[in-house]
Amino acid sequence: MKPQRLNYFFWQSLLLTTSVVVFTIKPLRVAALPIIAAEIPASNQQLLPGQTSTKSVAPIREIRSLNQIEHPLTDAQKLVQSPTPTDQTELTSVTGVNVNSTDKGLEVILETSSKSDRLQVTPKTEGNSYIADIPNTQLRLTSGESFRQEKPAAGITEITVTNVDANTIRLTMTGEAGVPTVELSDSNKGLVFVVKSTTSTTQAAPSGETTSPTQQQQTTPELKPKPTEEQQQPIELEVIGTPETGYQDSNASVGTRTETPIRDIPASIQVVPRQVLQDQGSFRVQDAVRNVGGQPGTNFGRSGETFILRGFTQSNNYLRNGVRDAKAISGIVIPTTNIERIEVLRGPASVLYGFGDPGGTINIVTKQPLSEPYYAFEFAGGSFDFYQPAIDISGPLTDDKKLLYRLNASYYNADGSTDLFRKEYYFVSPVISWQIGKNTNLTFEADYTDLRLRELWGQPAVGTVLPNPNGKISRDRSIIEPTDYSNRRTARIGYRFKHSFSENWSLSNAFQAWIWRQEQYNTTATRLRPDGRTLERTTQVNASSTDAIDGGTTNWSIFTLDTNVVGKFQTGGIQHQLLMGFDLYKDVQGPFARIFRATEPINLYEPVYGKPLGRVTSATNAKTRLDNLGLYVQDQIALTDNLKLVLGGRYDLSTSIITDYVASSVFTQPDEAFSPQVGVVYQPSKTVSLYANYNRSFLQVTGTTAFSGSRAADGSFFQPQRGTQYEVGIKTDFLDGKLSTNLALYEVTLSNVLTIDPVNPRFSIQAGEQRSRGVEFNVAGEILLGWNIIAAYAYTDAEITKDTDRSRIGNQLPNVPENGFSLWTTYTIPKGELKGLGFGLGLLYVGERQGDLLNSFQLPSYLRTDAGVFYRNNKFRLGVNFKNLFNIDYVDIGGSSLSIFRGDPFNAVVTLDWQF
């Protein structure tokens, strides 16, 4: 497809999808939800401490002892007549709603938060509906919306959970023919409502007809007459919730783009909830990825957000709420202020998201508006003059709560442990959600970051990881100049629209624009002289033209449009969930005008800064543009209840245009690629999932001979790099689903890698191949009440398998340790006088790895220890985190023999959170 047509198609599609949104919104009318009611059946079973009732109200994990009760409770009818307690004080947050099928019928779990309160459940009935009002509680789901599920089981038409007011939650269950029979119970996760099912009696068939076995065995929830007023008195329950919001999440959208539990997805997916970031005192996405076995990338140490997964550096694979985001280039920061959780998908994912690196994909899920007023303030401060104040406010903008907002804002300031390094930025992120109708939602999102950065280059390998006759270079030594600066302003704006046509079919449309402006003046190293102490340097200046001296502004813009339809249907007895869609991606970089000037060398052991610049050594001025159209389809097939298949395919058309203003040339390269996906999940039990998958990725290789020889010697275009993965694994849930593990074995091969042409070294050919094989193990969740853990182990064998230089074959890929391990665990005292006091311990082990692709030097292994102490009480939290507790001197990452980044020494961070 010609670039002009692709560009025309992009804007036409944007106008078309916008029209669809407007057309869909206009005719909608808001329908009032039915009012719901309920009933509690009686039982003659005596309730003793620790027992579980199977007919009426199940006892709770902690209930008053017999000597505390004036008259022992002998059945549910007497239980509902218990007097209303008067000692409620704190609000209990419900952070999740789960609807599960059980042997008894249906189970609705309200997952509670950190407090231990005596909850009152006040039931009543209206028509065919059961209503349970729960005071002193508040619904705080991740989405910020009320929970609603239609037809969860035969005989039940709808289940909803909403906030009645700022202090009360209402659970609603509506039956088809009458009021459902509901039992109350408790689990480690929270309050449980059990809807009973019973085999219906077989009715006599009309004369001449027979009743089929299917009709005879059909079950529906048992329906009872309405309870009397006496039976509708409050039920007193004591619920102990988890002391934290949790380290384990059973759902993620990154694997399928649909609402599918992780256990049903044939891929390795890990989630890092916000609670982990808070408990660790982490303010970088790169630190979060380490919790699931990821390693830092090679991009400018503390100022970039690249990462390594399964042996390959990832810089093209960032998503934001499922939409392709900006690349993680040098100096781009991703503030964590508005991040709710981070989802990590291992392996190639081009079938869903288009071009990318083969190791994995990061999906950043941001905080969404809440239906009740919420106000929070956070202040963090610590070593190296670090401090960060932040606010998080949310609530309704209208009385009917159909228009909600959320605003996150922060200011970050830090000097860092290395001389001359400095990072400062302002960040603001508003979100508005509009519930247009019962089945239609439109969310507008934006954020703005103003970053001022003095960027580091690193230190030479000689004097850090290799011997130097002059001794070891000081840990805080910097090779840049005090006059260096990088000013970057980024703005992101977009919307997400979703409309449900019916219970089974829905349309989603999303658009995002990302704009970047940069002014830059950076010093980099070029050569270390034989004396081992004199480092030659150059200064790079972003310029408005090739003869500019003071620098100028360069631009970068990315536009993404994605539209898809999800439908559920049956063919025979086989269930399908079909995803069909297309996305458009436009990436315009530049013009990037840069000049390079000679800079006075620096003495690494006795530095003198501020010397004047020398002559201009070179200049570049270019503009690049990428247009990509992708068409994708995916079918999630449930062959049986425990055997699921995922099939998918994607076709991409890409066009790159590179304009070289120095060489006065324009280079245009079209490419196309097809990316398949096959996955299967077999579940021998409800807690075990065995899976296997085959996936591919592609990444366009472009350029001209004026840049880096990225056009073959015979003049033909390069083919895209292709990643191919084979993976098998097992997912297991323990302790009633509170603890989850994932064990994976994989092989990823990257082909069409550029290597030097042995016939003409000035050119490159695609004769290279890199392969990574490994084993990964992840565990996350709650071991005991108050004891949480997130840990990962990775064995990785990543090497060059093909190259025109045979001496390189077998070389290990740089910065990839053979063995890596991370652990973070916390314990929070759940009750008693010390309730809310918690402790955390973290270990990070990174094995020996190669410093460059030539394997000319090695980076040593290290074991870093972190710790934390915190106190959480109602809406207040105070935490202190200690990083690198034993002050080890370690090398974090290596960019080249001239760019080695050493880890921070011992430092501490104090964080204060207050909700009001």
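Me: Where is K401 placed?

Reply: K401 sits in the loop between β24 (386-396) and β25 (403-414). Strands (E, at least two residues) and helices (H or I, at least four) are DSSP runs numbered from the N terminus. This is a predicted model, in which local features need pLDDT of at least 70, side-chain atom pairs count only at pLDDT 80 or more, and totals for chains, interfaces and linings use all residues. Residues are numbered from 1 along each chain as its sequence is written, and side-chain values use heavy atoms, leaving out hydrogens and water.

Me: What is the phi of K401?

Reply: K401 is not a glycine, yet its phi is positive, at about 60°. The residue is partly exposed, with a relative accessible area of 28%. Buried means under 20%, exposed over 50%, and partly exposed in between, using a 1.4 Å probe and protein chains only.

Me: And N752, which strand is that in?

Reply: N752 belongs to strand β38, residues 739-756. Its phi is positive too, near 60°, and it is a residue other than glycine. N752 counts as partly exposed, at 21% relative accessibility.

Me: Changing topic, how many helices and strands are there?

Reply: The protein has 6 helices and 49 strands. Of its 916 residues, 56% count as buried.

Me: What is the average pLDDT?

Reply: The average is 81, and 79% of the residues score at least 70; pLDDT is the predictor's confidence in each residue, from 0 to 100. Over residues 16-89 the value is below 50, and residues 198-244 stay under 50 as well.

Key:
Contact means heavy atoms within 4.5 Å.
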